[in-house]
Amino acid sequence: LSESGVPQLVQPMIWDYAADLDVEGKVHLIEKYRRCGFSKVWFASAFKGATGVNQSLTLIGHHLKNHLQWLEVASNSPADVLEGIALTGWQRYDHFSVLCELLPVAIPSLAVCLQALKNGGYSEKIKENVEKLLGMSNLETDTFMR
């Protein structure tokens, strides 16, 4: 790869939407990319639409855990390697599938995930800030929102 010149033309994106992604494995993968000549990598997470083809509601806690683990990957990687993170929000699993998790039901998840990334973690204070921004009195992350 390094001799091909490809690492000077593209930046790899590492995709993983799991709530229990393999942090150590991702760090090793980044090291492999660096040895091949890639100076930067991207991460890809999801704030909605990655937990089931017929999912209609968004389980915020799943996506929050995914983002917190991506933050852990970033903190265990060289400081200059991360170019950015793409927060995906899948609408369907393929062109023949029904729509899943429409954007309106996922806005609280998007807000939580963005605030977690912006603040480098998630706390009660951040939760209160998200509730205030969304005009909500009780943001639930471990159960489906009512």
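## Overall features

Of the protein's 146 residues, 37% are buried, meaning under 20% relative accessible area, with exposed set at over 50% and partly exposed in between (1.4 Å probe, protein chains only). This is a predicted model, in which local features need pLDDT of at least 70 and side-chain atom pairs count only at pLDDT 80 or more, while totals for chains, interfaces and linings use all residues. Residues are numbered from 1 along each chain as its sequence is written, and side-chain values use heavy atoms, with hydrogens and water left out.

The protein has four helices and three strands, arranged along the sequence as β-α-β-α-β-α-α. Helices (H or I, at least four residues) and strands (E, at least two) are DSSP runs, numbered from the N terminus. The C-alpha atoms fill a box of roughly 55 × 40 × 20 Å along the principal axes. Among contacts (heavy atoms within 4.5 Å) with a separation of 6 or more, 74% are between residues 24 or more positions apart.

## Salt bridges

Three salt bridges are counted, each defined as a side-chain nitrogen of Lys or Arg within 4 Å of a carboxyl oxygen of Asp or Glu. In one of them, lysine 26 meets aspartate 16 at 2.9 Å, N to O. Lysine 26 lies in helix 1 (residues 23-35) and aspartate 16 in the loop between strand 1 and helix 1, so this pair ties together parts that are 10 residues apart in sequence. Lysine 26 is buried at 13% relative accessible area, and aspartate 16 is buried at 17%.

Arginine 34 pairs with aspartate 80, with the closest N and O atoms 3.3 Å apart. Since arginine 34 belongs to helix 1 and aspartate 80 to the loop between helix 2 and strand 3 (82-89), the bridge ties together parts that are 46 residues apart in sequence. Arginine 34 is partly exposed at 31%, as is aspartate 80 at 43%. Glutamate 131 and lysine 127 form a salt bridge with closest N and O atoms 3.1 Å apart; they are four residues apart in helix 4 (residues 124-134), about one helical turn. Glutamate 131 is buried at 10% relative accessible area, and lysine 127 is buried at 16%.

## Leucine 71

Leucine 71 is part of helix 2 (residues 60-75). Leaving aside residues up to four places away in sequence, leucine 71 touches Ala116, Leu117, Gly120 and Gly121. Its C-alpha atom is 26 Å from that of glutamine 8, which is 63 residues away along the chain.
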